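Have a look along with me.

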Amino acid sequence: MAHHGGSDPESEPNTRLYNPYQDLNLQVPINNLYRLPTSPEFLFAEESLHQRRSWGENLTFYTGSAYLGGSVSGAAVGLFSALRNFEQGDTLKLKINRILNSSGHTGRSWGNRIGVVGLIYAGMESGVVAVTDRDDVWSSVAAGLATGALCRAARGVRSAAVAGALGGLAAGTVVAGKQVLKRYVPI
């Protein structure tokens with residue numbers, strides 16, 4: 001581990017001792033071998049001043065969350081669709097097969113569609129934050145607006161404008177709700 005500024009890592013409060021041999025009851029002085037930081041490390045000091053995810057983390061988080069949410073929602077829709085399509089003479093094995101097929105197909109389809117929307121939103125938000133150098137509610141609203149407009153651009157200007165407005169409204173609502181939860185709900 002590199003030492004910066006001549007500070008002693010033993011006296012730093014942001015480090016903790018790691019001893020992989022603690023359960024072996026060995027009498028070896030190994031406490032000084034493994035000193036791991038408890039705070040994230042950054043290459044440049046400017047990076048540590050920003051309290052936000054990197055664009056890669058945003059991309060992974062929003063795409064994965066959107067895919068997971070879309071897949072679960074689609075699977076639920078597929079389940080109800082399969083339950084509605086049961087026929088009188090279906091055996092239990094056939095009913096289970098119908099449920100699994102319908103849930104799997106609809107879940108994958110919805111997951112892929114909504115995952116792409118999450119991917120576009122993550123790219124737009126990272127782009128807006130990079131251009132404005134601000135990470136606030138308005139950056140999220142602008143990213144939602146751009147995402148909605150881009151997703152519906154092929155259907156015409158009116159459809160893109162409506163989708164952009166809905167995307168901006170949805171993003172603003174989610175971010176504002178998150179801020180309210182942070183402020184008023186103790187964790």
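Before checking a helix length, I wrote down the rule: the expected span of a helix is 1.5 Å times one less than its number of residues. I also noted that this is a predicted model.

**Entry: helix 5, length.** I applied the rule to helix 5, residues 157-184. Its 28 residues should span 40 Å, and I found its end C-alpha atoms 40 Å apart, so the two values agree.

**Entry: the chain as a whole.** I listed five helices and two strands. Reading from the N terminus, I get the order β-β-α-α-α-α-α. The chain has 187 residues, and 21% of them count as buried. I also looked at contacts between residues at least 6 apart in sequence, and 48% of these join residues at least 24 apart.

**Entry: helix 5, burial.** Which residues of helix 5 are buried? I noted Ala 160, Ala 163, Gly 164, Gly 167, Gly 168, Ala 171, Gly 172 and Val 175. Next I looked up what covers these buried residues, and the cover includes helix 3 and helix 4.

**Entry: helix 4 against helix 5.** Two packed helices are described by the angle between their axes and the distance between the axes. For helix 4 and helix 5 I read an angle of about 150° and axes 6 Å apart. Angles over 145 degrees count as roughly antiparallel, so helix 4 is roughly antiparallel to helix 5. Their crossing is right-handed. On the helix 4 side I found Val 137, Ser 140, Val 141, Gly 144, Leu 145, Gly 148 and Ala 149. They meet a set in helix 5 that includes Ala 160, Gly 164, Gly 168 and Val 175. I sorted the residues of this contact into nine nonpolar, seven polar and no charged.

**Entry: helix 3 against helix 4.** How do the axes of helix 3 and helix 4 cross, and at what angle? The axes of helix 3 (residues 92-132) and helix 4 (residues 137-151) come within 8 Å and cross at roughly 135°. That makes helix 3 oblique to helix 4. I noted a right-handed crossing for this pair. The helix 3 side includes Val 117, Ile 120, Tyr 121, Met 124 and Glu 125. Among the residues they meet in helix 4 are Ser 139, Ala 143, Thr 147 and Leu 150. My tally for the contact of helix 3 with helix 4 is eleven nonpolar, five polar and one charged.

Technical notes: Residues numbered from 1 in each chain as written. Predicted model: local features only at pLDDT ≥ 70, side-chain atom pairs only at ≥ 80, totals over all residues. Heavy atoms only, no water. Axes fitted to C-alpha atoms, helices over the stretch in contact; angles between N-to-C directions. Helix = DSSP H or I, 4+ residues; strand = E, 2+ residues; numbered from the N terminus. Parallel < 35°, antiparallel > 145°, perpendicular 65-115°, else oblique. Left-handed = near helix turned anticlockwise from the far one by under 90°. Contact = heavy atoms within 4.5 Å. Nonpolar A, V, L, I, M, F, W, Y, C, P; charged D, E, K, R; others polar. Buried < 20%, exposed > 50% of the residue type's maximum accessible area, 1.4 Å probe, protein only.
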